[in-house]
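Hi,

Here is the structure I said I would pass on to you.

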Amino acid sequence: MRLLFLACLTPKTGNHTTAERIRSHIEKAGHSCVLRDAADFQSPAEVADLVSENPRFEGALAIHLFRAGRLLLDLQVPFGVIFGGTDVNEDVRVEQKRVVMEQVLLKARFAVAFTDKLKEEAELLLLAQSSKIYVQPQAKLHCSILLKPAEAGHSGIHTEVTEKFCWTEFLRSSGVSRDRVDELRVFLLVCGLRRVKDPLYLVEVFSEWHCENPLNVLVIIGPKIDPVLTAEVEAVVQRTAGVFLAQERSQQELHAAVKRCFAVVNSSVSEGMSAAILEAMDLGVPVLARDVPGNAAVVQHEFTGLLYSSPQEFVHQSQRLVSDHELRERLVRNGKLYVEEHHGLKRERETYQRLVDALL
């Protein structure tokens, strides 16, 4: 089967990573899957023309019902869709977008939600058929390139960090000038610099906490996606004590930094399912996540991680993590077990292969 797959393919974003992983699942089942950026098309008619060209596409798939799924509405071939976090968390609030998403769901052969909560919200807000929506959590990132050759078949992210990575150099290049960096408690905010990730949400209160205890520092790292916000973040960081902006690193170096940090932070306004949270859990690093539906579906408070609903509560939960070693050990242990049990590649691969077969 030849399949067209549309997604928002901004480089080094969660959407891009997820799309590439799903494409790989489909192709391993013997299908041909052509991945295209939804931003390349202006209308459903353009996609319909592409699908009808030789060699013809026999089916289609899209991530995000509005951003990409709307482009499939003129197709005469069967298609399936995958919910993005903004579909139910944001776009459904706009009447025009909600109507379009309902049309997409009505015509789609199937839809995939990352969590039970997302499915419930879709059924309530988009009047979707329950039997049409399948729940399949995102799999943890599979990085065999980070493993020793003998371990390449392992499914985890147990990084055999390249010897070229230097924690001290990483911090100093980010502006951290302290000599004995191993004494620091580095909170790593992993996010692309765009509004929905709200990278400045914690900056003011964290800086106050840093002034009380200079060992606590916040490092923001991720691709510079929104130029306007990037300039704003750079300006704020320059004048804020205890908060630093790291240059984007390779996937291997990022995982190495995650393994060395004290905790991974998420401050997003909304999330579908955060890959950074799953990767941190799999790497044995505790997570502090903003209490939004997508995060709460992954992070069980005080069991697999810590949730917070305000900057002040973030500091409170961070202080607990600093002082309570038993809590930290429990979060690390349970987080790793959770990812292994619920976010395996094998189950994700089997789900998408089965759903694509249903398009035949």
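Let's start with H64, which sits in the loop between β3 and β4 (79-82). The element names come from DSSP runs counted from the N terminus: helices are H or I runs of at least four residues, and strands are E runs of at least two. Two things to know before you go on: this is a predicted model, in which local features need pLDDT of at least 70 and side-chain atom pairs count only at pLDDT 80 or more, while totals for chains, interfaces and linings use all residues. Residues are numbered from 1 along each chain as its sequence is written, and side-chain values use heavy atoms, with hydrogens and water left out.

With a relative accessibility of 3%, H64 counts as buried.

You'll find E302 in the loop between α11 (293-296) and β12 (306-308). At 32% relative accessibility, E302 counts as partly exposed.

One more backbone detail: which kind of peptide bond joins N54 and P55? A cis one, with omega at about -5°. P55 belongs to the loop between α2 (44-52) and β3 (59-63).

Now the whole chain

The protein chain has 14 helices and twelve strands. Its radius of gyration is 21 Å, close to the 21 Å that the globule rule gives for 360 residues, so the chain is as compact as a globular protein of that length. (The radius is taken over C-alpha atoms, and the rule is 2.2 Å times the number of residues to the power 0.38.) Along the principal axes, the C-alpha atoms fill a box of roughly 65 × 50 × 35 Å.

Of the 360 residues, 55% are buried. The chain exposes about 15,900 Å², and carbon and sulfur atoms supply 48% of that area; accessible areas come from the Shrake-Rupley method with a 1.4 Å probe, and for residues only the protein chains shown count as cover. A contact means heavy atoms within 4.5 Å. Take the contacts between residues at least 6 apart in sequence: 67% of them join residues at least 24 apart.

Aromatic rings

How many aromatic pairs does the structure hold? There are eight. In one of them, the rings of W167 and F170 have their centres 5.5 Å apart and their planes at 15°, so this pair is stacked. The rule covers rings of Phe, Tyr and Trp (its six-membered ring): they pair if their centres lie within 6.5 Å, and planes under 30 degrees apart count as stacked, over 60 as edge-to-face, and the rest as tilted. W167 and F170 are three residues apart in helix α6 (residues 167-173), which puts about one helical turn between them. W167 is buried at 5% relative accessibility, and F170 is buried at 0%.

Elsewhere, ring pairs link F187, F206, W209, F262, Y308 and F314 into a cluster.

F165 lies in the loop between β6 (133-135) and α6. F165 is buried, with a relative accessible area of 13%. Leaving out neighbours within four places in sequence, F165 contacts F170, E253, A256 and A257, and F170 is the ring stacked with W167.

L331 is in helix α13 (residues 325-342) and is buried, at a relative accessible area of 2%.

A276 is in helix α10 (residues 275-282). Apart from neighbours within four places in sequence, A276 contacts V190 and V264. A276 and I63 are 213 residues apart in sequence, and their C-alpha atoms are 19 Å apart in space.

Note on methods:
Buried < 20%, exposed > 50% of the residue type's maximum accessible area, 1.4 Å probe, protein only.
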